[in-house]
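My notes follow in the order I made them.

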Amino acid sequence: MITVAECKKPQSKLRSEKFLTPKKLYLPLSQHTGKPSSCCVKVGDFIEESQVIANQDGYISSYLHAPASGKVIAINAWNNPVLGRSEAIILEPQGVSKKYLPREGIENLTKEKLIEIIAASGIVGMGGAAFPTQVKLKSPKPIDTLIINGCECEPYLTTDHRLMVENLKEIFLGIEIICRIIKPKVVIFAVEENKSDAIKQINLLIHTKKFSLLAARTAVLPSYYPQGGEKQLIYSTTRRKVPGGKLPLDLGCLVHNVATCFAIYEAVYYSKPLIERLVSFCGEALTAPKNIWVKIGTSLKELFDQKIIEFRTEPEKIISGGPMMGTSLDSLDYPILKSTGGFLFLTKGPKELTEGSCLRCARCVDACPMELLPLEYYKRAKKGEYQDLSTFNINDCIECGCCAFSCPAKIPLVHYIKAGKRYAPKNK
């Protein structure tokens with residue numbers, strides 16, 4: 001792992017705000033890992049807030065709900081910050097927001113019913129991977145260790161941090177639900193040392209035993225990147241190393257992001273599907289950074305049109321996500337997805353770098369948190385020799401960018417790795 005500038009101030013201290021009244025919502029059917037949701041509404045339909053507008057389609061898929069009541073005005077291809085473009089339902093909100101009432105009899109819900117509620121609520125991993133949560137909870141192998149990911153190691157982003165400071169009790173109630181389903185022997189709340197205010201509250205709740213969590217403890221980790229990566233987090237907290245081609249469940253571990261725990265709480269306690277989330281808006285091009293609750297599908301352009309966030313100066317680069325793993329955007333016409341943790345508006349884009357020749361210094365190898373060989377991927381991908389890449393476990397690369405960040409020859413290694421993954425044979 002590497003050390004990068006955090007750039008998390010002042011937004012880490014800013015209380016979250018709300019913007020829940022967009023004029024249009026752009027809702028891609030593909031907001032999760034796996035098969036896109038299957039649209040079940042048509043143009044002209046009037047739908048209610050939280051109504052299912054696209055069904056789960058297959059085992060690894062998820063439901064999509066209307067973030068507001070309103071009219072479906074179009075179903076067509078639209079910008080997607082992850083995929084470029086994808087099919088989307090465009091909704092014109094009308095009416096007032098729905099009130100969600102507490103669910104009764106939660107203590108009597110079975111494991112199967114809890115999973116059913118979580119699946120029906122369209123919850124996916126909100127740390128960025130967007131893997132359908134109900135699939136992770138139906139582990140075919142016993143899970144002895146539940147790890148709660150509160151690290152948020154990407155520079156600038158502070159949504160998980162603010163969520164822990166402002167909604168920690170709700171996160172713990174979500175963790176209790178997960179524990180009722182998977183029955184772990186140990187719960188580890190992992191958080192980086194740069195979040196001292198959250199750590200203090202987490203320790204207080206754990207030590208006072210206000211929640212039904214067996215053998216819960218806090219793991220305060222160094223602020224390294226990518227400390228919050230699933231396999232890095234498992235090793236940092238348990239010293240178990242997930243081998244290439246294996247999953248955390250093969251080692252008895254399950255990792256859930258704090259925002260996902262909060263979404264589980266809302267689904268189980270209030271029957272509220274995943275229709276809004278906390279998002280960081282940061283960068284030197286803004287008059288001020290903010291952490292804002294927004295409805296899924298809200299476009300960046302509308303946030304600026306309604307002056308919820310404002311430019312101080314024209315940005316040179318717009319990024320969806322963090323600077324290490326985020327995606328550059330070509331305009332403001334992109335919506336917030338279930339997996340969107342933040343947007344950056346930077347006045348200085350990356351310097352125009354000239355790709356040099358590989359020095360074979362192996363700094364990329366030293367920096368790789370997965371103990372892979374980025375220089376081999378580069379060498380072969382540059383020559384178009386993709387046949388051998390799988391033997392070097394290229395598909396284990398998490399594309400964190402540590403290799404490119406460390407390369408003195410300024411080689412865009414992640415670019416070559418992505419190309420290599422695309423063309424390498426899938427079987428070793």
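**Notebook: strands, helices, rings**

I began at a strand pair, where Trp78 stands opposite Ser86 in β8. This is a predicted model, so I kept to its limits: local features need pLDDT of at least 70, side-chain atom pairs count only at pLDDT 80 or more, and totals for chains, interfaces and linings use all residues. Residues are numbered from 1 along each chain as its sequence is written, and side-chain values use heavy atoms, with hydrogens and water left out.

*Strands.* I looked up what joins β7 (residues 70-80) to β8 and found ten bridges, with the strands running antiparallel. Helices (H or I, at least four residues) and strands (E, at least two) are DSSP runs, numbered from the N terminus; two strands pair if DSSP finds at least two bridges between them. A hairpin of three residues leads from β7 to β8. On β8 (residues 84-93) I also found β2 (residues 25-28), paired in the antiparallel sense over four bridges. There, Leu25 stands opposite Leu91.

Next I noted an open sheet of three strands, in the order β3-β5-β6, with antiparallel pairing. β3 (38-39) and β6 (64-65) are at the edges with a single partner strand each, so one side of each has no neighbour in the sheet. β5 (residues 52-55) is joined to β6 by two bridges, and Ala54 stands opposite Leu64.

*Helix crossing.* How do the axes of α4 and α7 cross? I read that α4 (residues 168-182) and α7 (residues 258-270) come within 7 Å and cross at roughly 80°. Axes are lines fitted to C-alpha atoms, for helices over the stretch in contact, and angles run from 0 to 180 degrees between N-to-C directions. That makes α4 roughly perpendicular to α7 (the class for 65 to 115 degrees; under 35 is roughly parallel, over 145 roughly antiparallel, the rest oblique). The contact (heavy atoms within 4.5 Å) includes Ile171, Ile175 and Ile178 of α4 and Phe262, Tyr265 and Tyr269 of α7. By class I have twelve nonpolar, one polar and two charged residues. Here Ala, Val, Leu, Ile, Met, Phe, Trp, Tyr, Cys and Pro count as nonpolar, Asp, Glu, Lys and Arg as charged, and the others, Gly among them, as polar.

*Rings.* My search of the whole structure gave 13 aromatic pairs. Rings of Phe, Tyr and Trp (its six-membered ring) pair if their centres lie within 6.5 Å; planes under 30 degrees apart count as stacked, over 60 as edge-to-face and the rest as tilted. Tyr265 and Tyr269 are a tilted pair, 5.2 Å centre to centre with 35° between the planes. They are four residues apart in α7, which means a separation of about one helical turn. Tyr265 is buried at 11% relative accessibility (buried means under 20% relative accessible area, exposed over 50%, partly exposed in between; 1.4 Å probe, protein chains only). Ring pairs link Phe262, Tyr265, Tyr269, Tyr270 and Trp293 into a cluster.

*Buried helix residues.* In α1 (residues 111-120), I have Leu114, Ile115, Ile117, Ile118 and Ala119 as buried. The buried residues of α1 pack against α2 (133-137), α4 and α7. Just after α1, Gly122 takes a positive phi of about 70°. For α12 (residues 413-423), the buried residues include Leu413, Tyr416 and Lys421. Their cover includes α9 (363-367), α10 (374-383) and α11 (402-406).
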